[in-house]
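This report walks through a structure from its overall make-up to a few local details. Please keep the sequence and the coordinates open while reading.

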Amino acid sequence: MQPRNNMSMSGVVDLAAVKAAQEAKAKAEQARAEAARQGGAGAVSPADLVIDVDEAGFERDVLQRSAEVPVVIDFWAEWCQPCKQLSPVLERLAVEYDGRFLLAKIDVDANQMLMQQFGVQGIPAVFAVVAGQALPLFQGAAGEQQIRQTLDQLVQVAEQRFGLTGLTVDPDAQPGAAAEREVPAGPYDSLLEAAVQALDAGDLGGAIQAYKNVLADDPANTEANLGLAQAELLQRVQGMDPQQVRKEAAEKPADVDAQIAAADLDLVGGHVEDAFGRLIETVQRTVGDDRDAVRRRLLELFEVVGPEDPRVVGARRALARALF
């Protein structure tokens, strides 16, 4: 999706609070699963699809929510006449799109810092945040057809590239009634210990299964997610001929499988930035299923290193630029 009207992204707010966003996404997935088991409990009301956001609540209401649903930001002000034309259209479409995006309204007079950090040069200005990454959409009172086309692209990108399927909307739900549901931590110590013992014994398949057993009940379990990502990586490189893998990657830069295999070896060998850089470059020169395969492997390697690692933070920004 291309930025419209050449809006500047210089000075954009640091949207790399990936750890918080991923935890929010895991909780959202748990909440959706729990809601499905209980016949839709926990769904949001249509009124919850349009929210007012300020600087204090930005991380919670925009960054973290963007791991669950695309968040469209409407920068507006009471004195702005074009805003009074655009905002009602966005609010109506937020309800019509039935949870496929969340509309966050930011009053620039009361939130000058956010306006400056997003590089907003005039209002109305509309951005989106998807999985913690900011995207400029358009500036000015755009026509409804253009807005719909932009929103359709946004929803498609969010679902296909980031797996964000949006919110469950219940017309009968009371506004603000959807509370986060916490999944009990459960007695997982024995399962995690079994996974560690399997790793020590070289039983990668056993370790992978033990971690998956934990995640089946507790998808947000940090230790199990990290352990699973590491065990799966070790299983993938087991039996590889490093020299042959690197030779093929050097000779076949367009071969997606060769680049993915070499990136796995890079990471196991401690060359984290090389692994990330290799896959980001491959994303830039591929399309379709090949690009998606590379993107998925890169996200898996982010899990291995840890979302709070500065190298992951930088690589996520680079990936967002490559994708959009």
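How many helices and strands are there in the protein chain?

## Overall make-up

The model is a predicted one, and its protein chain holds 13 helices and five strands. Of the 324 residues in this chain, 47% count as buried. When contacts are taken between residues at least 6 apart in sequence, 73% of them join residues at least 24 apart.

In soluble globular proteins, nonpolar side chains tend to be buried together. In this model the largest nonpolar core comprises 53 residues, and the members that touch the most other members are Ile147 and Phe276. Apart from this core lies another, of 30 residues, among them Ile73, Leu102, Ile106 and Val108.

The surroundings of Phe276 can be listed in some detail, leaving aside residues up to four places away in sequence: Phe276 touches Leu267, Leu298, Leu301, Phe302, Val305, Arg311, Val312 and Ala315.

## Packing of H10 against H12

Helix H10, which spans residues 256-268, and helix H12, which spans residues 288-305, have axes that come within 10 Å and cross at roughly 5 degrees. Because angles under 35 degrees count as roughly parallel, H10 and H12 are roughly parallel to each other.

On the H10 side, the contact is made by Val256, Ile260, Ala263, Asp264 and Leu267, which meet Asp290, Ala293, Val294, Arg297, Leu301, Val304 and Val305 of H12.

## The disulfide

A disulfide is a covalent bond between the sulfur atoms of two cysteines. A search of the whole structure finds one disulfide, and this bond joins Cys80 to Cys83 with an S to S distance of 2.4 Å. The torsion about the S-S bond of Cys80 and Cys83 is about 80 degrees, so the disulfide is right-handed.

Are the two cysteines buried or exposed? Cys80 has a relative accessible area of 3% and is buried, while Cys83, at 1% relative accessibility, likewise counts as buried.

## Backbone exceptions

Most residues other than glycine have a negative phi, and most peptide bonds are trans. Against that background, the peptide bond from Ile123 to Pro124 is cis, with omega near 0 degrees, and Pro124 is found in the loop between helix H4 (112-117) and strand S4 (125-130).

Asp98 is not a glycine, yet this residue has a positive phi of about 55 degrees. Asp98 has its place in the loop that runs between helix H3 (81-96) and strand S3 (102-107), and with a relative accessibility of 47% Asp98 counts as partly exposed.

With the sequence neighbours set aside as stated, Ala224 touches Leu192, Tyr211, Val214 and Leu215. The C-alpha atom of Ala224 is separated by 7.6 Å from that of Lys212, and these two residues are 12 residues apart along the chain.

How values were computed
Residues are numbered from 1 along each chain as its sequence is written. This is a predicted model: local features need pLDDT of at least 70, side-chain atom pairs count only at pLDDT 80 or more; totals for chains, interfaces and linings use all residues. Side-chain values use heavy atoms; hydrogens and water are left out. A disulfide is a pair of cysteine sulfur atoms within 2.5 Å. Buried means under 20% relative accessible area, exposed over 50%, partly exposed in between (1.4 Å probe, protein chains only). A nonpolar core is a set of buried Ala, Val, Leu, Ile, Met, Phe, Trp, Tyr and Cys residues joined through side-chain atoms within 4.5 Å. Contact means heavy atoms within 4.5 Å. Axes are lines fitted to C-alpha atoms, for helices over the stretch in contact, and angles run from 0 to 180 degrees between N-to-C directions. Helices (H or I, at least four residues) and strands (E, at least two) are DSSP runs, numbered from the N terminus. Angles under 35 degrees count as roughly parallel, over 145 as roughly antiparallel, 65 to 115 as roughly perpendicular and the rest as oblique.
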